[in-house]
Amino acid sequence: MLITKEIEIDMAHRVCFHKSKCRNLHGHRYKIEVGVDDKINEEYGTSDYGMVIDFSDLKDIMKKELDERFDHGAVFYRNDPYRSKLEEMIMLNDQSKDKLHFVDFMPTAENLCKYWFELVDKPLKEKGINLEYVKVWETPTSTAIYRRGDK
Ligand SMILES: [Zn+2]
């Protein structure tokens with residue numbers, strides 16, 4: 001049984017080698033859908049009897065791994081030639097510190113999708129629940145989907 005849950009976050013990024021406007025520092029309202037594919041719990045009398053995973057438990061994981069880390073934050077490539085300037089600028093707002101991420105990959109929708117899959121997969125794995133895919137909308141018409149086992 002496949003179940004899904006969505007959240008939305010606002011986040012800045014920059015694709016520093018891009019030929020056109022994606023080079024600019026800008027933001028998106030990302031929609032992130034998580035797909036969990038596992039069996040329905042048949043342990044009679046337990047809280048999540050009849051569920052793949054309690055939707056509120058899934059929401060808590062997404063809030064902790066995605067919303068709390070990235071909402072109203074920024075993600076940049078760690079080899080961005082303007083790294084020090086970006087750091088300086090973001091640090092002007094002290095509250096952004098925890099939400100400023102320099103990562104090992106270009107923060108495109110594809111790479112963010114894979115990264116967010118890994119972040120959500122970890123706590124689900126600890127619960128013995130199978131995460132099947134993560135889908136990211138960078139705009140209302142552009143999406144990336146990372147399925148377990150994808151390259
Ligand atoms: Zn963008």
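Helix 1 (residues 55-70) packs against helix 3 (residues 109-126) at an angle of about 140°, their axes being 10 Å apart. Helix 1 is therefore oblique to helix 3, a class left over once angles under 35 degrees count as roughly parallel, over 145 as roughly antiparallel and 65 to 115 as roughly perpendicular. Axes are lines fitted to C-alpha atoms, for helices over the stretch in contact, with angles from 0 to 180 degrees between N-to-C directions. Helices (H or I, at least four residues) and strands (E, at least two) are DSSP runs numbered from the N terminus.

Ile61, Met62, Glu65 and Leu66 of helix 1 meet Trp116, Leu119, Val120, Pro123 and Leu124 of helix 3; contact requires C-beta atoms, placed from the backbone, within 7 Å.

The model also holds an open sheet of 6 strands in the order 4-3-1-2-5-6, with mixed pairing; strands pair if DSSP finds at least two bridges between them. Strand 4 (100-103) and strand 6 (142-147) are the edge strands, each pairing on one side only. Strand 3 (residues 73-77) runs parallel to strand 4 and is joined to strand 4 by 4 bridges. Here valine 75 stands opposite histidine 101.

Helix 1 packs on this sheet, touching strand 1 (2-13), strand 2 (26-37) and strand 3, and its direction makes about 15° with that of strand 1. Helix 3 lies across strands 2, 3, 4, 5 (131-139) and 6, at about 145° to strand 5.

Residues are numbered from 1 along each chain as its sequence is written. As the model is predicted, local features need pLDDT of at least 70 and side-chain atom pairs count only at pLDDT 80 or more, whereas totals for chains, interfaces and linings use all residues.

Methods:
Two residues are in contact if their C-beta atoms, placed from the backbone, lie within 7 Å.
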